[in-house]
Amino acid sequence: MTDESTTMPNREPATTAETDSAESTGENADADADPEPDPNAEGDRPAVAATDLGHAFGDLRVLDGVSLSVAPGEIVALVGPNGSGKSTLLRFLARVRAPDEGTVTLSGHGHARVGYLPQQPGFRAGFSAADTLEFYAQFVDEDVDVAGVLERVGLADAADRRVGALSGGMTRLLGLGRALVGDPAVVVLDEPASGLDPGMVERLFGIVSDLADAGVAVVLSSHNLGPVERTADRVAVLDGGRFVADGDPRAVVESVGAADLQTAFGDLVATEEVTGR
């Protein structure tokens with residue numbers, strides 16, 4: 001979506017992806033597996049669905065037959081050990097790259113927009129926070145209230161501050177704002193709470209709840225399991241390239257007889273040394 005010669009250098013591809021095709025497939029995917037949907041049944045379809053995703057980095061297989069769907073208005077949290085493949089899966093769901101195997105399908109016809117916050121957002125240092133969002137606002141059809149987006153993510157007082165002068169946590173909030181430009185139907189957030197103080201973590205999860213209340217499908221990864229347990233509709237635990245649990249937070253906790261999600265995570269995850277990405 002962006003022209004690398006004129007835009008901020010990013011560690012990830014464009015963060016608001018708008019596509020003409022509803023399906024992204026891996027090289028080994030069956031192109032005929034997902035027939036054209038009935039427009040009258042659109043409300044029954046997930047906002048985004050991944051089916052039988054498989055991916056390897058060299059001889060290291062990080063995803064093995066992973067399937068996940070997220071409904072409009074649903075918050076799904078991915079949790080797992082560092083390096084368990086969460087970021088890789090989120091890139092596929094955001095459609096910034098394609099898996100080796102499987103399909104990722106977005107509901108809707110024609111253009112489908114996904115907002116994406118990578119784990120390490122990067123921006124041009126000479127731009128202010130407001131300049132940054134105004135730049136990305138050029139690539140959507142709707143008028144964008146840049147001041148409103150900055151207020152929403154807690155950066156109203158930093159609107160004129162140069163990106164290079166933002167703290168790590170504030171840079172992440174600006175990345176969240178960039179992901180929200182254009183009111184995407186699906187928002188994919190990779191460790192959005194990383195580097196935020198406790199108050200801003202609660203604000204961020206409040207934003208996530210507001211997005212879901214507005215019908216946006218949200219999928220995120222986070223090690224902040226307290227807010228995840230309070231906010232997410234579903235928790236999917238990724239370990240060893242597969243989901244070892246997937247359900248509402250209380251059901252996941254009770255499945256191992258734990259007191260809370262933090263304790264359940266330790267019981268569910270068997271990987272002692274993770275070398276994936």
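Guide: Start with a cut-off. A residue is buried under 20% relative accessible area and exposed over 50%, and anything in between is partly exposed. Asp 246 has a relative accessible area of 42%, so Asp 246 is partly exposed. Keep in mind that this is a predicted model.

Now the partner of Asp 246. Asp 246 forms a salt bridge with Arg 234, and their closest N and O atoms are 3.0 Å apart. Arg 234 has a relative accessible area of 17%, so Arg 234 is buried.

Glu 74 forms a salt bridge with Arg 234, with 3.4 Å between the closest N and O atoms. This pair too links distant parts of the chain. Glu 74 sits in the loop between β4 and β5 (75-79), while Arg 234 lies in strand β10 (residues 234-239), and the two are 160 residues apart. Here both Glu 74 and Arg 234 are buried.

Next, Arg 242. Arg 242 forms a salt bridge with Asp 64, and the closest N and O atoms are 3.1 Å apart. Again the pair links distant parts of the chain. Arg 242 is in strand β11 (residues 242-247), Asp 64 is in strand β4 (residues 60-70), and 178 residues separate them. Are these two residues buried, partly exposed or exposed? Arg 242 has 45% relative accessibility, so Arg 242 counts as partly exposed. Asp 64 has 27%, so Asp 64 also counts as partly exposed.

That pair is part of a network. Arg 61, Asp 64, Glu 101 and Arg 242 are linked by salt bridges. In total, the structure holds 9 salt bridges. The general idea is simple: side chains of opposite charge can pair when their charged atoms come close.

Now the helices. Helix α2 (residues 129-137) is mostly covered, with 7 of its 9 residues buried. The buried ones are Ala 129, Ala 130, Thr 132, Leu 133, Phe 135, Tyr 136 and Ala 137. They pack against α3 (146-152) and α4 (168-180).

Stay with Phe 135 for a moment. Phe 135 has 13% relative accessibility, so Phe 135 counts as buried. Phe 135 belongs to one aromatic cluster with Phe 127, Tyr 136 and Phe 139. The count of aromatic pairs comes to 3. One of them is Phe 127 with Phe 135, which is edge-to-face. Their ring centres are 6.3 Å apart, with 65° between the planes.

Move on from α2 to α4, one of the helices it packs against. The axes of α4 and helix α5 (residues 198-213) come within 12 Å and cross at roughly 10°. The two helices are therefore roughly parallel to each other. Which residues in α4 and α5 meet? From α4 come Leu 173, Leu 176 and Leu 180, and from α5 come Met 200, Leu 204, Ile 207 and Leu 211. The residues of this contact divide into 7 nonpolar, no polar and no charged.

Definitions and conventions
Residues numbered from 1 in each chain as written. Predicted model: local features only at pLDDT ≥ 70, side-chain atom pairs only at ≥ 80, totals over all residues. Heavy atoms only, no water. Buried < 20%, exposed > 50% of the residue type's maximum accessible area, 1.4 Å probe, protein only. Helix = DSSP H or I, 4+ residues; strand = E, 2+ residues; numbered from the N terminus. Contact = heavy atoms within 4.5 Å. Axes fitted to C-alpha atoms, helices over the stretch in contact; angles between N-to-C directions. Parallel < 35°, antiparallel > 145°, perpendicular 65-115°, else oblique. Nonpolar A, V, L, I, M, F, W, Y, C, P; charged D, E, K, R; others polar. Phe/Tyr/Trp six-rings, centres within 6.5 Å; stacked < 30°, edge-to-face > 60°. Salt bridge = Lys/Arg side-chain N within 4 Å of Asp/Glu carboxyl O.
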